[in-house]
Amino acid sequence: DKEGTKGSAVTGAKQQSPDDRPLPADKARFYRSVTMRINYFAADRPDLQFPGQECARHVSSPTYGAVEKIKKLLRYIATHRRAVQVFYPQKNVGHFTVNTDSDHAGCHATRKSTSGIFLFHGRNLIRSSCTTQGSVTFSSGESEFHAIVKGASVVLGARAMAKELGYDTAASEIACDAIAGLGISKRSGVGRIRHLHTPLLWIQERIKNRELTVHKVAGKENVADMGTKY
């Protein structure tokens with residue numbers, strides 16, 4: 001009867017959203033296969049790194065909602081089949097520049113932020129990456145600071161590799177579009193941000209010793225923005 005049907009709907013198990021329904025085993029395997037192929041191509045295509053990472057979040061337990069994400073990404077790839085990276089002839093530059101950016105609490109499920117890192121030698125891009133930050137940040141300035149620390153570790157690694165190849169470099173530059181993140185990196189200690197992890201503060205000493213320099217770049221000119229948005 002109607003009352004019994006209504007009662008069973010109320011007292012029964014909570015209905016799952018269509019986006020949260022898990023995929024069958026065969027479709028889940030296919031989803032993982034497609035996602036891994038996309039991330040393989042993303043190593044040479046910065047425009048695929050962020051959406052590829054977002055699709056990879058669901059690899060452990062793919063859902064129908066995740067399928068919609070990957071369909072949209074595949075439609076983009078179908079209309080943008082090629083990406084050309086140009087390496088310009090240049091003289092001895094003598095230093096590296098890394099652009100950093102983050103999307104504060106960009107993941108709606110975990111509220112974690114993503115760091116976009118673009119490493120340049122002169123005009124030439126030699127590395128780009130898009131990684132999820134390890135901990136939840138409480139402000140955009142803090143998430144930008146996490147990205148700056150990540151960029152600093154990347155550029156110092158590049159300098160060490162260049163030195164092994166007999167190529168000495170001067171102090172490297174970090175470009176960021178967030179004043180708050182730059183402020184944290186230039187001062188000493190955590191200031192009022194008591195919950196900030198102290199292992200991140202090594203960058204402040206490197207900046208004081210002039211091994212690294214940080215400067216502001218306009219948001220529209222920050223290419224690392226590509227690593228934090230679709």
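How many bridges join strand 1 to strand 4, and do the two run parallel or antiparallel? To find out, select residues 97–103, which make up strand 1, together with strand 4, and keep in mind that the model on your screen is predicted. Strand 1 and strand 4 run parallel, and 4 bridges join them. For one point of contact, pick asparagine 99, whose bridge partner in strand 4 is alanine 175.

Stay with strand 4 and select the whole of it, residues 172–176, where 4 of the 5 residues are buried, so that the strand is mostly covered, burial here being a relative accessible area under 20%.

Now turn to the aromatic rings, of which a search of the whole structure finds 2 pairs. Select tyrosine 40 and phenylalanine 41, which form an edge-to-face pair with 5.7 Å from centre to centre and 65 degrees between the planes. Both tyrosine 40 and phenylalanine 41 are exposed. Then move to phenylalanine 50 and tyrosine 230, another edge-to-face pair, whose centres are 5.1 Å apart and whose planes stand at 75 degrees. Because phenylalanine 50 lies in helix 3 (residues 49–56) and tyrosine 230 in the segment after strand 5, this pair ties together parts that are 180 residues apart in sequence. Phenylalanine 50 is buried, with a relative accessible area of 5%, whereas tyrosine 230 is exposed, with a relative accessible area of 67%.

At tyrosine 64, look for arginine 21, whose charged end sits over the ring, 4.2 Å from its centre. At tyrosine 88, look for arginine 123, which lies over the face of the ring at 3.7 Å from the ring centre.

Finish at the largest pocket, which has a volume of about 320 Å³. To locate this pocket, select Pro46, Val84, Gln85, Leu125 and Met226, which, of the 15 residues that line the pocket, lie nearest its centre. Then show strand 2 (114–121) and strand 3 (124–132), each of which supplies at least two residues of the lining.

Conventions:
Residues numbered from 1 in each chain as written. Predicted model: local features only at pLDDT ≥ 70, side-chain atom pairs only at ≥ 80, totals over all residues. Heavy atoms only, no water. 1 Å grid on protein atoms, 1.4 Å probe; cavity = no way out; pocket = protein on both sides within 12 Å on 5 of 7 lines; lining within 4 Å. Points joined across faces, edges and corners; volume = space filled by probe spheres on them. Buried < 20%, exposed > 50% of the residue type's maximum accessible area, 1.4 Å probe, protein only. Pairing = 2+ DSSP bridges. Phe/Tyr/Trp six-rings, centres within 6.5 Å; stacked < 30°, edge-to-face > 60°. Lys NZ or Arg CZ within 6 Å of the ring centre and 35° of its normal.
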